[in-house]
Amino acid sequence: KGALRLVLGDQLSEGLSALEGLDAARDVVLMLEVRDECTYVPHHPQKIVLILSAMRHFAEALRARGVTVDYVALDDPANTHSFTSEVARAVARHKPEGVIATHPGEWRVLEAMRGWEDALGVPVEIRDDTRFLASLEFFRRWAHGKKALRMEFFYREMRRASGLLMEGDAPAGGEWNFDAENRKRLPRDVIPPPPKRFPPDALTREVMALVGREFPRHFGSLDGFAWPVTAEQAGQALDAFITQRLPRFGDYQDAMAEGEATLFHALISTSLNLGLLDPRDACDAAEASYRRGDAPLNAVEGFVRQILGWREYVRGLYWLRMPGYAKLNALEARRALPEFYWTGQSGMRCMDAALTQTRDMAYAHHIQRLMVTGNFALLAGVAPDAINEWYLAVYADAYEWVELPNTHGMAIHADGGVMASKPYAASGAYINRMSDHCGKCRFDVKGSTGEGACPFNYLYWDFIARHERRFASNPRMSMPLANLRKMEGAKLQAMQAEAKRFLDKHAPLP
Ligand code: FAD
Ligand code: DLZ
């Protein structure tokens, strides 16, 4: 009698802690395709295909190494479709000496796991998830006693602790952060090389048919699925990025452009979050490119900061602050999600570009998520649960540990400043500066009143005016507040009326 070793859908790493010390002669690896995980939010079909296909490929690779895998498929008639009930069935089948799991990525799953030992009557060991550069303990120690947590200071600690991009005790190039060199607009003659695509193999095609049958109403298109589903493919995706796109990643990190869904981005978040790619390997590959002289420091530092800094930081914060974090609603936002988040037909070119590529690829890059769809939800006062659910459902890389701090904290300021010291609120001018969308938009980016004006403009001032008292104590909001106070009353009233008209049309208050 051996142990039952549970591997969840986003734990597809050879070195997973739950697999450490595996005895192939006695232990059984348990993998579960369950409906509950596919529907707790209506995930994009490409995301479900990605996870189930990657799980099936991972199970095949384990079996090829002589490991016994008990794999419960989604269409198995005996499947009871929840982690808890399926682990119970597996315990009854195998009568193991215990269950060994790895700490999951979402609070709700951890809560369920904590009840298993009592419910199942066998020991359940939940091991740390060691696939991150910072342990949760490291983050807790770093955060302990600090009045405010800021990513930049955590990132510097991580640079020191990892030795990445360091020259002795000093940061490479003499600066910790080259953010100021990451804000160029994309010139017309710069054509980003397309990312490497991974057309579905027979196994993925089988999963595509299954998902098409089982979840026909979920938002999003299945055609065009091209995500890496194995560690080998994830490595190829990283290599293609490092050689073809990393050198210009820094310059155009914040840019948006018509017809350019991916620009110089890496498209590796799906692989990192599934465990197909190791974050340290991604950072090392980028640093090696800098050391060889193939990629400039602003690109490599910008990329390393996203992984060693932001990705680790949001995970630490999620586990430090949950479960209360998800319930915060500092700006008392209550509006329903506008229907155009599902149709891609807002009429605003920047929004519709982000929304339609989300439908077609289950992907939008960071600035689209933060400064377009996120900014709109912030300004409109969309209820946190509604917008969080949307982000968790529609992106192929979305798991609550990374989605929630980014959406709740960074995009909509629902945490009142835990993640970011001020709301990332912007008017149309920002989008015009960073993209070429506005020139072709039916709304006028220079206009702020009247039906033809860019909605981001009147929504921005409506937002600032709505929260004037709250923001008065935040020195980082002093500039917009000073401009608000200088504004003619009639102009502000006209913008507020336009904002109300637009929002009532698309997403009335309940
Ligand atoms: P690149 O731009 O090439 O960056 C390289 C890597 O850095 C990414 O693969 C990712 O692992 C990491 N990274 C970059 N920014 C962040 C960040 N802010 N937080 C964590 N990791 C980061 N990322 C997710 O992985 N899952 C999510 O559910 C998710 N939801 C988001 C929601 C909102 C509202 C916002 C503003 C951001 C969200 N992000 C999320 C962060 C970021 O947008 C994605 O990681 C990135 O767009 C993935 O594409 P890429 O691999 O091409 O990234
Ligand atoms: C997101 C997801 C989906 C769609 N399906 C499964 C599944 O069938 N089986 C599984 O083990 N995991 C799935 N996942 C990922 C889980 O939701 C994820 O492991 C938890 O949210 C913890 O991060």
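Colleague: Into how many nonpolar, polar and charged residues does the shell around ligand 2 divide?
Modeller: This is a predicted model, in which local features need pLDDT of at least 70 and side-chain atom pairs count only at pLDDT 80 or more, while totals for chains, interfaces and linings use all residues. Residues are numbered from 1 along each chain as its sequence is written, with chains lettered from A and ligands numbered from 1 in the order in which they are written. The shell holds residues whose C-beta atom, placed from the backbone, lies within 6 Å of the ligand. With Ala, Val, Leu, Ile, Met, Phe, Trp, Tyr, Cys and Pro taken as nonpolar, Asp, Glu, Lys and Arg as charged, and the others, Gly among them, as polar, the shell around ligand 2 comprises nine nonpolar, three polar and four charged residues.

Colleague: Which helices each supply at least two residues of the shell around ligand 2?
Modeller: Among the 16 residues around ligand 2, the nearest are Leu8, Gly9, Glu37, Pro104 and Gly105. Helices here are DSSP runs (H or I, at least four residues), numbered from the N terminus. Those that each give at least two residues to this shell are α1 (35-39) and α2 (45-64).

Colleague: From which domains does the shell around ligand 1 draw at least three residues each?
Modeller: Ligand 1 is surrounded by 28 residues, with His265, Ala266, Ser269, Gln306 and Ala398 the closest, and by class they are 15 nonpolar, nine polar and four charged. At least two residues come from each of α11 (269-274), α13 (297-321), α16 (366-380) and α18 (400-411). Under an automatic or database assignment of bounds, the domains that each contribute at least three residues are domain 2 (136-195 + 245-321) and domain 3 (340-506).

Colleague: Is α13 roughly parallel or roughly perpendicular to α18?
Modeller: Their axes, which are lines fitted to C-alpha atoms over the stretch in contact, with angles from 0 to 180 degrees between N-to-C directions, come within 8 Å and cross at roughly 95 degrees. Because angles under 35 degrees count as roughly parallel, over 145 as roughly antiparallel, 65 to 115 as roughly perpendicular and the rest as oblique, α13 and α18 are roughly perpendicular.

Colleague: Which residues of α13 meet α7?
Modeller: The axes of α7 (residues 151-162) and α13 come within 9 Å and cross at roughly 120 degrees, which means that α7 is oblique to α13. A contact requires C-beta atoms, placed from the backbone, within 7 Å, and α7 brings Met151, Phe154, Tyr155, Met158, Arg159 and Ser162 to it, meeting in α13 the residues Arg305, Leu308, Gly309, Trp310, Glu312 and Tyr313.

Technical notes: Contact = placed C-beta atoms within 7 Å.
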